[in-house]
Amino acid sequence: MKGLAYKSQPLQSYDVRVITSGYQYLPVPIRSTMDLENFPEIDKSNLPKLKQYWDYLNSYRAKVDESTLISSDIANIFTSPLDDKK
Amino acid sequence: MSKELHQLSISQVSKLLKKKEVSPVELTKICLDRIEEFNPKLNAFISVYADDAMKQAKKAEREIARNDYRGKLHGVPLAIKDNIYFADRVTTMGSKIHKDFVSDFDATTVIKLRKSGAIFLGKTNMHEYALGATTDNPHYGTCRNPWHLGKIPGGSSGGSAAAVSAYLAYGALGTDTSGSIRVPAAACGLVGLKATYGRVSKYGCFPEAWSLDHIGPLTRTVEDAAIIFDAISGGDVNDPTCLDLKPTNLAKKIDGDVSKLTIGIEEDFFFHFTDEEVERQVRATISALKKMGAKVKTVKIPSLKDAFWALTIIDTSETTAVHQPLMRDHATDYGADVRFLIECGYLPSAVDYLQALQLRRKIQQEVSAVFEEIDVLLAPTLPSKTPSVGELTSVINGKSVDTIETCMHNVGPGNLLGLPSISMPCGIIDGIPVGIEIIGGPLQELNVLNLAKGLESTNPLGGHVPTAYLS
């Protein structure tokens, strides 16, 4: 199902925002409402590189086989190297 | 005697110390003199405790003289990475932000080494906040590789590695969140041990990513690594992630017998994209171990394909959570590369982080099953040759790759899964050491050390020592 994303303004090429307000359906999974441009601690000159990292995250998200992550065993997120020894 | 004394291992000098044939004062003086002479070229130390080290040495000398000998570290000069706290001393984390930070307590590892009688020479240079693999530090200077001053010493514990490699200290502590002990060990021709997660207390160490962080030794021999590990291991109520276990006693147990060990080779993840010369060296080492009696078995761990993703998400998320308060007020005080890494941690979602933890468990289950059939995994520590200083990209077989990602690739799973891992030299290419990584099952440090000891007996560096820093 192809959905629509509400956009308050055109996304710029380096904009890493994913708008999650005012949507019905989104063509991509909802991930974050991060608006890095408005984070004062972000070095704006890093935005293009951060966009690259965002793209990497998105491309890999698509590869994660979520169907293998829903068993109660793996969903128990507490991990320790000794889990099997306990 | 003094001319060669600096080149001895901890186990060798400890015998001389015990027999009172050398004194802690003599050893400490040698190290301090070498630091004064060579540190300007290497930038291995951020701070040197010359006066205090001599006081400690005189105290150790008196204790040994009256036969109050505490063990193999008594009177041995060591260096400590500058993200491990000393009471009433500045601990900088290699940063501008913490340049004046003074802890009011000692880290547990420092307390344990102090009790064992070790002498502290000072604090070593590191990648800022341990967030990088080059130790190209904008605040305290670029740390250099003693084998080739134009090459990185690895990181983030690059100062510890350079100090031990250039005989400025007999051993050192480093920290390892994504390979930060093993990568410098590989680059500088040393042994670097990261034990099972929770074997060594991290109390009093500035965190990078709390579910991946480890403290461990960098040394010139396998036995020395075990001596320091034995001294710093064991439970600690102050560190909730520390396992409630007694200190180890492995130095006495290492026999180097590889014939009782089965080595697993995972081709798809650890060898799929490796520099041809490095690969040739590592495979020659595997053949040598086979000739020594080790069994070699090919294994498959398909889920390792997600290891880098999971590690990246967990590492950046936890790191940024640690640094968020500092970023608010001091963002411009970070070095550019470190600031960018911290900014990356704002991007993964909570779902990403939790799925990364799930992936970690999935990989852990597959790896556990494989360790039913093998004792250790073997891999190149670095898939590339040691990168040059300032090189953001490295070349593997003619293809340009990101230096940091390359450094993290093969060592990352050891952190993600909390498995004991060691890097040790397996040869030399173009005058620079090449490292091989040995990964063991949970708490199976002895297997890792035994294979390393067996490999060490083949004299993998062929008697070569670093000399680039001398001229």
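Q: Is B:E63 buried or exposed?
A: B:E63 is buried, at 6% relative accessible area. Buried means under 20%, exposed over 50%, and partly exposed in between (1.4 Å probe, protein chains only).

Q: What does B:E63 form a salt bridge with?
A: With B:R70; their closest N and O atoms are 2.6 Å apart. A salt bridge here is a side-chain nitrogen of Lys or Arg within 4 Å of a carboxyl oxygen of Asp or Glu.

Q: And how accessible is B:R70?
A: B:R70 is partly exposed, at 35%.

Q: What are these values based on?
A: This is a predicted model: local features need pLDDT of at least 70, side-chain atom pairs count only at pLDDT 80 or more, and totals for chains, interfaces and linings use all residues. Side-chain values use heavy atoms, without hydrogens and water, residues are numbered from 1 along each chain as its sequence is written, and chains are lettered from A and ligands numbered from 1 in the order in which they are written.

Q: How many salt bridges over all chains?
A: The count is 27.

Q: New topic. What about B:D176 and B:R182?
A: They form a salt bridge, with the closest N and O atoms 2.9 Å apart. B:D176 is buried at 0%. B:R182 is buried at 0% too.

Q: Where do B:K297 and B:E373 lie?
A: B:K297 is in strand 10 (residues 295–298) of chain B. B:E373 is in the loop between helix 13 (350–370) and strand 11 (376–380) of chain B. Helices (H or I, at least four residues) and strands (E, at least two) are DSSP runs, numbered from the N terminus.

Q: How do their side chains meet?
A: In a salt bridge, 2.9 Å from N to O.
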